[in-house]
Amino acid sequence: MRKIIVFLSFVCLLFVSACGYDSGNSKNLLIVVTTDDPVTQLMSMVLADRSIKKGATVDVLLCGSAGSLAVEDSGEVFLKPQNTSPQMMLKNLIRHNVNVELCPLYLANSEKSVPNLIDGVSVAKPSRIADKLLNEKTKILSY
């Protein structure tokens, strides 16, 4: 009886290892922010920060109204309780080596250009973003 239990335990261990027990808990996040709502913008940045502290790799893509977060001297909204703005949190993420990209259509349809972007923000390359979207190990969060 003991040999059967040991054998079944071994088989279960092999099965769990082969199936990738942790595969549902992706540590690669692509956070897409499009909203102009500063509360939601800030919360997306806070969650990105906390995910990094828990060992995740985070990429941020800014599109639409959220693209203004990537522009120097854009109006900042400071929120309670920390009196922090979404752009301040974005800059903090950049200091922690988060890849922050701006949708190229944002620049093409605004009066802004690459020199207007805060340090550390690059213009997204659609084929590279598509690769991230299609990577089965990437969890996509959209705000």
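Trainee: Leaving aside neighbours within four places in sequence, which residues is Val60 in contact with?

Mentor: This is a predicted model, where local features need pLDDT of at least 70, side-chain atom pairs count only at pLDDT 80 or more, and totals for chains, interfaces and linings use all residues. Residues are numbered from 1 along each chain as its sequence is written, and side-chain values use heavy atoms, with hydrogens and water left out. Contact means heavy atoms within 4.5 Å. On that basis, Val60's partners are Ile31, Met45, Leu90, Leu93, Val98, Asn99, Val100 and Glu101.

Trainee: And in the largest nonpolar core, which residues touch the most other members?

Mentor: Such a core is a set of buried Ala, Val, Leu, Ile, Met, Phe, Trp, Tyr and Cys residues joined through side-chain atoms within 4.5 Å; buried is under 20% relative accessible area, exposed over 50%, partly exposed in between (1.4 Å probe, protein chains only). This core has 27 residues, and the ones that touch the most other members are Met45, Val60, Leu62 and Leu90.

Trainee: Which element gives the largest share of this core?

Mentor: Helices (H or I, at least four residues) and strands (E, at least two) are DSSP runs, numbered from the N terminus. Elements giving two or more residues include strand E2 (57–62) and helix H3 (86–95). The largest share is four residues, and they come from H3.

Trainee: How many of the ten residues of H3 are buried?

Mentor: H3 gets its cover from elements including H2, E2, E3 and strand E4 (121–123). Pro86, Gln87, Met89, Leu90, Asn92, Leu93 and Ile94 are the buried ones, so H3 is mostly covered, and the count is seven.
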